[in-house]
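Open the model in your viewer and keep the selection panel at hand. The tour goes stop by stop.

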Amino acid sequence: MTKTPDMTAILKDVMGSFPVDTSAMEGAFKTSATLNEKLSGVALNAVEKSTEVSTKWTKDTVAKMSEMAKAKAEPADYAKAMTDFASASAEAAAEHMAAFAEIAKKVQMDTVELMMAAGKDAQEEATAAVKKASNDVQAAAKKATAK
């Protein structure tokens with residue numbers, strides 16, 4: 001009778017001939033985690049600055065409203081106070097919206113800068129990983145043919 005070949009041993013030998021290097025995956029994970037940390041920092045910084053602008057805008061509006069709410073001697077003074085408030089509010093809106101636009105522009109520039117740096121790093125890591133894998137496969141092939 002013929003003996004059935006032990007496929008487990010054969011597969012184990014085949015898989016052992018092609019070494020798996022997990023350091024590339026670990027490096028990719030670390031790179032990804034670092035990028036996420038930097039992107040989170042950009043986002044949190046933007047939130048902080050946006051909150052400061054919103055708070056300032058609210059304080060300015062409340063201060064202008066308190067001036068408008070004061071009792072006036074003449075009915076025409078109420079109309080003037082309302083007009084002054086509306087004009088000051090429009091001016092403040094333009095000023096604060098410009099501040100928000102500057103924050104958004106900075107976030108965009110920082111994000112693009114981070115993504116370009118990450119792309120360059122990823123390309124360098126991928127090139128190194130492919131080169132190492134190629135060398136490992138060549139070494140494994142030479143080892144297998146030498147047997």
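pLDDT is the predictor's confidence in each residue, on a scale from 0 to 100. This is a predicted model, in which local features need pLDDT of at least 70 and side-chain atom pairs count only at pLDDT 80 or more, while totals for chains, interfaces and linings use all residues. Residues are numbered from 1 along each chain as its sequence is written, and side-chain values use heavy atoms, with hydrogens and water left out.

**Stop 1: colour by confidence.** The mean pLDDT of the protein is 86, and 95% of its residues reach 70 or more. Helices here are DSSP runs of H or I, at least four residues long, numbered from the N terminus. Among the elements, helix 2 (residues 23–68) has the highest mean pLDDT, 91. Helix 1 (residues 7–17) has the lowest, 77. Where pLDDT is low, the predicted coordinates should not be read in detail.

**Stop 2: select Trp57 and Phe100.** Rings of Phe, Tyr and Trp (its six-membered ring) pair if their centres lie within 6.5 Å; planes under 30 degrees apart count as stacked, over 60 as edge-to-face and the rest as tilted. The structure holds one aromatic pair. The ring centres of Trp57 and Phe100 are 6.4 Å apart and the planes sit at 50°, so this pair is tilted. Trp57 belongs to helix 2 and Phe100 to helix 3, so the pair ties together parts that are 43 residues apart in sequence. For accessibility, buried means under 20% relative accessible area, exposed over 50%, and partly exposed in between (1.4 Å probe, protein chains only). Trp57 is partly exposed at 25%. Phe100 is partly exposed too, at 22%.

**Stop 3: select His96.** Is His96 buried or exposed? It is buried, with a relative accessible area of 3%. His96 is in helix 3. Contact means heavy atoms within 4.5 Å. Not counting residues up to four places away in sequence, His96 touches Val53, Lys56, Trp57 and Asp60.

Stop 4: A salt bridge is a side-chain nitrogen of Lys or Arg within 4 Å of a carboxyl oxygen of Asp or Glu. How many salt bridges does the structure hold? There are five. One of them joins Asp60 and Lys56, at 3.2 Å from N to O. Both residues lie in helix 2, four residues apart, about one turn of the helix. Asp60 is partly exposed at 24%, and Lys56 at 43%.

**Stop 5: select Glu102 and Lys105.** Their salt bridge has its closest N and O atoms 3.9 Å apart. Both lie in helix 3, three residues apart, about one turn of the helix.

**Stop 6: select Glu67, Lys70 and Ala81.** The side chains of Glu67 and Lys70 meet in a salt bridge of 3.3 Å, N to O. Now go to Ala81, in helix 3 (residues 75–146). Ala81 is buried at 11% relative accessible area. Ala81 and Glu67 are 14 residues apart in sequence and 7.8 Å apart in space, C-alpha to C-alpha. Leaving aside neighbours within four places in sequence, Ala81 is in contact with Met68 and Lys72.

**Stop 7: show the surface.** Select Met7, Ile10, Val14, Met15, Phe18 and Val137, which form a nonpolar patch with about 570 Å² of accessible area together. Patches are made of residues with over 30% relative accessible area and no salt bridge; like charges are joined within 9 Å, nonpolar side chains (Val, Leu, Ile, Met, Phe, Trp, Tyr) within 5 Å. Accessible areas come from the Shrake-Rupley method with a 1.4 Å probe; for residues, only the protein chains shown count as cover. Helix 1 gives the largest share, four residues. Phe18 lies in the loop between helix 1 and helix 2.

Note on methods: Helices (H or I, at least four residues) and strands (E, at least two) are DSSP runs, numbered from the N terminus.
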